[in-house]
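User: Could you take a close look at one part of this model for me? I'd like to go through the pocket and then a helix pair.

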Amino acid sequence: MVQKFQSPVRVYKYPFELVMKAYERRFPKCPQMPIVLDCDVIKIESLENGAKTNTTRRCKLAVDAPYIFKKLIGVDFVYFLQHNYLDMSNRTLSIEAVNESFSSRIEIFERCRYYAHPDNAEWTCFDQTATLDIKNFFGFEHSMEKMGMKQYTQTTLKGKEIIEYFINQLEQEGVTHVDRWVPPLDAAKSPTPEQKQHHDILLDGDFIARNLGQLSPMQESKLLELRKMLDGVDDLERVPSYQTILRFLSARDWHVSQAFAMLCDSLQWRKEHRMDSLLEEYTEPAVVVEHFPGGWHHHDKDGRPIYILRLGHMDVKGLLKSLGMEGLLRLALHICEEGIQKINESAERLDKPVLNWSLLVDLEGLSMRHLWRPGIKALLYIIETVERNYPETMGRVLVVRAPRVFPIAWTIVSAFIDEHTRSKFLFYGPDCEHMKDGLAQYIDEEIVPDFLGGPCKTMIHEGGLVPKTLYKANSLEDHDDDVTIVSPGAGAGAATATASAEASLAPVALAPMKRLSANHQHDHQNLYKSVDLKPGFSHELLIRNEDPKSVLTWDFDVMRNDLHFTLYRVTQELPEKNDDAVSYFDLQDFVEGTNYFREEPTLICRHKESVQGSHVMHHNDSYLMHWFSPSGAQLNLFYEVLSSVNYKGSMTSLQSAFSSNSSAASSVQSR
């Protein structure tokens with residue numbers, strides 16, 4: 001197994017010659033590096049009239065490992081060979097170190113360089129790389145790998161501290177300047193080779209702290225490794241910023257090869273779709289200006305730009321039919337590009353790292369009409385698109401005024417968002433006072449929007465229905481039952497998707513329509529049951545609930561004639577039915593208000609309507625779904641019970657949004 005390590009450039013704000021004088025004081029040992037027990041010079045040579053000095057040292061290092069491990073391998077210390085190549089004329093020091101002990105089992109190679117800063121001759125740069133190749137080490141290969149990573153991290157952190165210590169020591173002794181080397185007057189002048197630029201990627205500690213935040217030495221190493229890998233990409237029009245590289249690394253859990261593949265795919269996608277020109281070329285269509293309830297609104301307490309989306313006020317179907325697939329795609333991506341631009345502007349204004357933006361989602365008015373199936377299909381596709389190309393751009397999602405239909409919507413969406421992203425969601429129920437107290441942790445009180453009870457007016461449109469006169473011809477098929485999106489846990493047809501990074505719900509709600517790949521499609525025939533009802537007959541499904549606060553969800557289509565749908569709660573034990581023509585209501589002593597109760601009012605469902613709904617089952621009773629056909633009809637139905645555990649943890653703050661005794665209908669027709 002081979003491990004590679006690489007540190008970013010460190011900058012010492014001292015001349016090269018003074019840094020070299022401090023560096024020499026590290027030998028033969030220094031108190032800041034107790035692991036180095038001793039260093040002996042075994043070879044030294046001076047070349048070119050003293051301009052170059054080559055030194056070889058044999059260094060004795062303590063084994064920084066548990067006692068039992070040292071007893072097993074039989075040593076308390078190991079030896080390394082260090083080769084230094086100092087070139088005072090070109091102001092460079094190259095250092096190479098290799099292990100002498102256990103060299104047949106482990107190969108450790110480290111290369112370091114000190115050199116004059118390419119843009120400021122009075123400063124000195126330092127960079128460091130290392131490889132660890134463990135061939136065979138008594139069965140302790142993994143332990144050695146972990147110790148190697150630990151040791152590299154410790155020496156990287158200590159390196160700058162040691163140089164600074166000895167520079168301060170020199171200053172106390174009155175040494176604050178060292179003359180540059182000049183050749184002797186009688187020295188023969190030899191041609192000076194053209195000095196090659198040593199460093200074209202200056203990633204120093206100050207840059208990291210100012211632009212990227214706190215990174216560990218290993219993260220810094222992987223960041224620089226990925227950046228240098230991009231130099232080998234053909235036809236790369238523009239090298240991504242370090243902020244972008246950092247986001248892709250974080251999205252792939254710091255696996256460099258995976259992040260490289262993901263980033264290259266995204267760069268190719270950006271080139272094919274001219275994404276670098278989108279901000280200049282895009283003009284919002286009139287339907288977006290007049291009916292889209294979203295926009296930017298100040299910054300949160302961490303400096304993140306805030307995007308507000310009043311999702312409950314959005315006519316998803318109207319926007320999809322008015323803009324069409326391509327129009328929705330351009331709108332979604334434009335929001336993402338604006339977000340990146342505003343993140344960079346905020347970082348520059350505050351002079352501190354700002355790497356993502358915040359989303360405030362207002363769900364007042366959310367109903368089952370928002371779960372229109374072509375809209376859900378678009379939602380899932382845009383999550384996938386955004387997470388592939390804009391990973392880790394979402395820092396926090398504040399979801400406010402969540403209504404009782406929210407569980408089914410969240411269940412569908414959360415299945416496509418990974419755990420790390422879900423942890424960024426914060427939920428608030430409809431209680432404005434409680435919500436404002438929660439928002440105050442993240443948003444200054446003076447910028448809380450007026451529609452949430454705050455003092456700040458917004459320029460965001462309130463949405464509303466899009467006039468059908470704005471619909472594009474054939475923008476979406478009227479018959480939308482070719483795609484069925486179901487909640488997780490529905491068996492073989494349940495949707496699965498990978499989502500490494502957080503997706504933005506702003507573009508999510510505006511997703512382009514595109515055919516899902518094979519693993520996102522669902523077997524409509526396997527999930528949905530078709531029932532033919534004769535005139536005057538009923539169809540009934542009995543669900544025995546043993547999980548209080550679980551959620552019953554349903555989705556059905558009505559064909560040929562109208563149907564009446566009602567949900568009841570039954571308190572007595574009912575027998576199994578062997579004849580579908582017999583109704584439970586034909587049983588003796590089956591009396592409403594005594595042993596069964598109407599949980600949802602009867603809903604008249606018209607021909608060609610698609611009806612979705614949900615109900616929180618608070619009791620350990622049976623629940624009866626009842627369809628009655630006055631004139632004969634066809635019913636195409638799917639239902640599922642979602643476990644109560646789905647609504648614990650992050651969902652506990654929503655409990656006030658669900659009424660335990662509510663009788664309001666939760667099934668809203670989707671036309």
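How much space lies in the largest pocket?

Analyst: About 940 Å³. This is a predicted model, where local features need pLDDT of at least 70, side-chain atom pairs count only at pLDDT 80 or more, and totals for chains, interfaces and linings use all residues. Residues are numbered from 1 along each chain as its sequence is written, and side-chain values use heavy atoms, with hydrogens and water left out.

A pocket here is an open set of points on a 1 Å grid over the protein atoms alone, where a 1.4 Å probe fits, with protein on both sides within 12 Å along at least five of seven lines; lining residues have an atom within 4 Å of a point. In this one, 41 residues make up the lining, and Arg238, Pro240, Thr244, Arg270 and Asp276 sit nearest the centre. By type, the lining splits into 16 nonpolar, eleven polar and 14 charged residues (Ala, Val, Leu, Ile, Met, Phe, Trp, Tyr, Cys and Pro are nonpolar, Asp, Glu, Lys and Arg charged, the others, Gly among them, polar).

Helix 7 gives the largest share, seven residues (helices are DSSP runs of H or I, at least four residues, numbered from the N terminus). Helix 7 (256-272) also has a neighbour to look at: its axis and that of helix 5 (residues 217-229) come within 10 Å and cross at roughly 40 degrees. Lys222, Glu225, Leu226 and Met229 of helix 5 touch Val256, Ala259 and Phe260 of helix 7, contact meaning heavy atoms within 4.5 Å. That contact has five nonpolar, no polar and two charged residues.

How values were computed
Points joined across faces, edges and corners; volume = space filled by probe spheres on them. Helix = DSSP H or I, 4+ residues; strand = E, 2+ residues; numbered from the N terminus. Axes fitted to C-alpha atoms, helices over the stretch in contact; angles between N-to-C directions.
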